[in-house]
Amino acid sequence: DPDWLRFRLLGMTNPAYFALYARRRMDLYGATAEDFAAVKVKNSRHGLANPNARYRKEVSADDVLNSAVVCDPLHLLDICATSDGGAAVVLTSVEYARKHGLTDPVTVKAISTVTPRFPQTTIDMPLMSTDAGSSAERTFKESIADAAYAEADLGPEDVDVAEVYDLSTALELDWMEDLGLCKRGEAEHLLRAGDTTIGGRIPVNPSGGLACFGEAVPAQALAQVCELTWQLRGQAEGRQVEGARVGITANQGLFGHGSSVILAR
């Protein structure tokens, strides 16, 4: 497959995996290639104000749609690059933080890590191992956020900002629903209404996401925690989500476990 060869030569990840998710959204919810492009446009605009972003260049929908088709319906600019990088956080007790002048510290309300059980009993494309004869209440990706919400005693209605693993533009839309930020099939409506951009109802990836960082595999999940910390402290100059008090992250490893972190002030 020349698309696969071209993609591997570019140092990126399996495009067919992402294309399955994109096709599902198109078939089930009426998503379009223009919707996927709009995710990239939004994130590239956010990344302009992030000094830590690798790619700080605004792109248009035409730029995305005219870039090479890697695996239909996804174009080259729909899918993130790979990167090297690092991230770190310093954790203390609340008492220690206040003793050293942090009167309103950002706190870790929840950390969830969830590993899928095989065979999967709930269809969550792409299917690699499944038992269609039974069903569970939620998919694997939904259970990542559910576990975090339960630990934090919060719900999606409390979230002000989200950093999600946008390996492809279509996957960002999936994560919005997996986190409960909207109902199934409604992510495109939020995107089109401007709700997921900075200044909207629920900004997603104000950092610019993987679209602007590339995927620094060992570091990116922690980099999301850094971004939310800056957002909740009001230190995200040029990309600040005003009044943000609760933020959530979402990540998933290929066929491995996923994670979510909830931070709050």
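A salt bridge is counted here when a side-chain nitrogen of Lys or Arg lies within 4 Å of a carboxyl oxygen of Asp or Glu. The structure is a predicted model, in which local features need pLDDT of at least 70 and side-chain atom pairs count only at pLDDT 80 or more, while totals for chains, interfaces and linings use all residues. Residues are numbered from 1 along each chain as its sequence is written, and side-chain values use heavy atoms, with hydrogens and water left out.

With that definition in hand, a search of the whole structure finds 15 salt bridges. One of them joins the side chains of D104 and R245, with 3.7 Å from N to O. D104 lies in the loop between helix 5 (94–99) and strand 3 (107–114), and R245 in the loop between helix 10 (220–233) and strand 5 (246–252), so this pair ties together parts that are 141 residues apart in sequence. The helices (H or I, at least four residues) and strands (E, at least two) named here are DSSP runs, numbered from the N terminus. To describe how far a residue is covered, we call it buried under 20% relative accessible area, exposed over 50%, and partly exposed in between, using a 1.4 Å probe and protein chains only. On this scale D104 is partly exposed because its relative accessibility is 30%, and R245 is partly exposed too, at 39%.

Another salt bridge connects R192 with D35, whose closest N and O atoms are 2.6 Å apart. Since R192 belongs to helix 8 (residues 187–193) and D35 to helix 3 (residues 33–47), the pair ties together parts that are 157 residues apart in sequence. Here R192 is partly exposed, at 46% relative accessibility, whereas D35 is buried, at 5%.

In a further pair, E177 and R25 form a salt bridge in which the closest N and O atoms are 2.6 Å apart. This pair links distant parts of the chain, with E177 in helix 7 (residues 169–178) and R25 in helix 2 (residues 15–29), 152 residues apart. E177 counts as buried at 4% relative accessibility, and R25 counts as buried at 0%. Both residues also belong to a network of salt bridges that links R24, R25, K141, E142, D174, E177, D178, R184 and E188. K141, a member of that network, also lies over the face of W175, at 4.5 Å from the ring centre; a charge sits over a ring if NZ of Lys or CZ of Arg is within 6 Å of the ring centre and within 35 degrees of the ring normal.

A cis peptide bond, with omega of about 15°, joins D72 and P73, and P73 is found in the loop between strand 1 (69–71) and strand 2 (74–75). D153, although it is not a glycine, has a positive phi of about 55°; this residue is found in the loop between helix 6 (140–152) and strand 4 (161–164), and it is exposed, with a relative accessible area of 70%. N205, likewise a residue other than glycine, has a positive phi near 55°, and its place is the loop between helix 8 and helix 9 (209–213). N205 is buried, with a relative accessible area of 0%.
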